[in-house]
Amino acid sequence: KTLTVSRPAGVVAGDVMVATVSADGVPTLTAPSGWTAVRSDVRGTVLTTWTYYHVAGSAEPTSTTWTLGTATSAVIGVTGITGVDRTAPVLTSAGRNAAWASTITAPAVSPSVAGALVLGTFSTVSRASFTPPTGAREDVDVTVPTGTTPVSLSTADKVRVSTGLTGTWSATASSAERYTAQTVALRPKA
């Protein structure tokens with residue numbers, strides 16, 4: 001199975017793009033050349049979520065194609081972010097999974113730099129829409145429109161003014177199901 005996604009509007013050379021892929025089951029994922037894995041999280045045998053980043057170059061393609069093995073349903077969202085360090089963008093990340101909840105809680109992280117951009121990913125094996133965490137800006141809200149196995153994904157971000165533990169944060173899905181959630185803190189540009 002392949003997923004093709006367009007480059008986010010307004011992305012210019014030096015911006016950091018963050019891609020999140022969620023798929024039913026536990027398939028393999030092959031990312032396009034130049035994308036770096038941040039983390040993957042699995043809920044049993046029903047859901048896998050991966051997050052990758054890529055620093056945009058001067059001749060960035062208009063779309064990228066991601067290849068999954070054995071998945072029947074999958075979604076992808078890509079966010080373009082300005083003001084992030086392009087040499088070492090990821091400060092820290094954490095993930096979790098749980099069963100049968102509509103409140104999808106991403107774990108706390110502890111960014112060591114003030115002004116970090118904190119990105120949350122929220123995925124479920126249902127056809128759901130999401131309400132983002134309080135105080136966060138929703139970047140992505142997608143679901144598989146048809147097929148036997150539904151998968152939905154939301155990402156949201158907020159700037160962390162201080163250093164130290166962020167605390168957990170939650171998105172609300174329109175239906176309860178098994179889920180994965182991730183928090184990624186990105187280093188601000190110096």
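Leaving out neighbours within four places in sequence, Leu-68 is in contact (heavy atoms within 4.5 Å) with Lys-1, Leu-3, Val-21, Ala-23, Pro-27, Thr-28, Leu-29, Trp-50 and Ala-74. This is a predicted model, in which local features need pLDDT of at least 70 and side-chain atom pairs count only at pLDDT 80 or more, while totals for chains, interfaces and linings use all residues. Residues are numbered from 1 along each chain as its sequence is written, and side-chain values use heavy atoms, with hydrogens and water left out.

**Nonpolar cores**
- A nonpolar core is a set of buried Ala, Val, Leu, Ile, Met, Phe, Trp, Tyr and Cys residues joined through side-chain atoms within 4.5 Å; buried means under 20% relative accessible area, exposed over 50% and partly exposed in between (1.4 Å probe, protein chains only).
- The largest nonpolar core has 18 residues, of which Val-21, Trp-66 and Leu-68 touch the most other members.
- At least two residues of this core come from each of strand 1 (2–6), strand 2 (16–24), strand 5 (47–55), strand 6 (63–68) and strand 7; strands are DSSP runs (E, at least two residues), numbered from the N terminus.
- Strand 2 gives the largest share, four residues.
- A second, separate core holds 15 residues, including Ala-101, Ala-156, Tyr-179 and Ala-181.

**Thr-64**
- Thr-64 lies in strand 6 and is buried, with a relative accessible area of 13%.
- Beyond its neighbours within four places in sequence, Thr-64 is in contact with Leu-3, Thr-4, Val-5, Pro-32 and Trp-35.

**Ala-88**
- Ala-88 sits in the loop between strand 7 (74–81) and strand 8 (90–106), and is partly exposed at 34% relative accessible area.
- Ala-88 and Arg-187 are 99 residues apart in sequence, with 7.2 Å between their C-alpha atoms.
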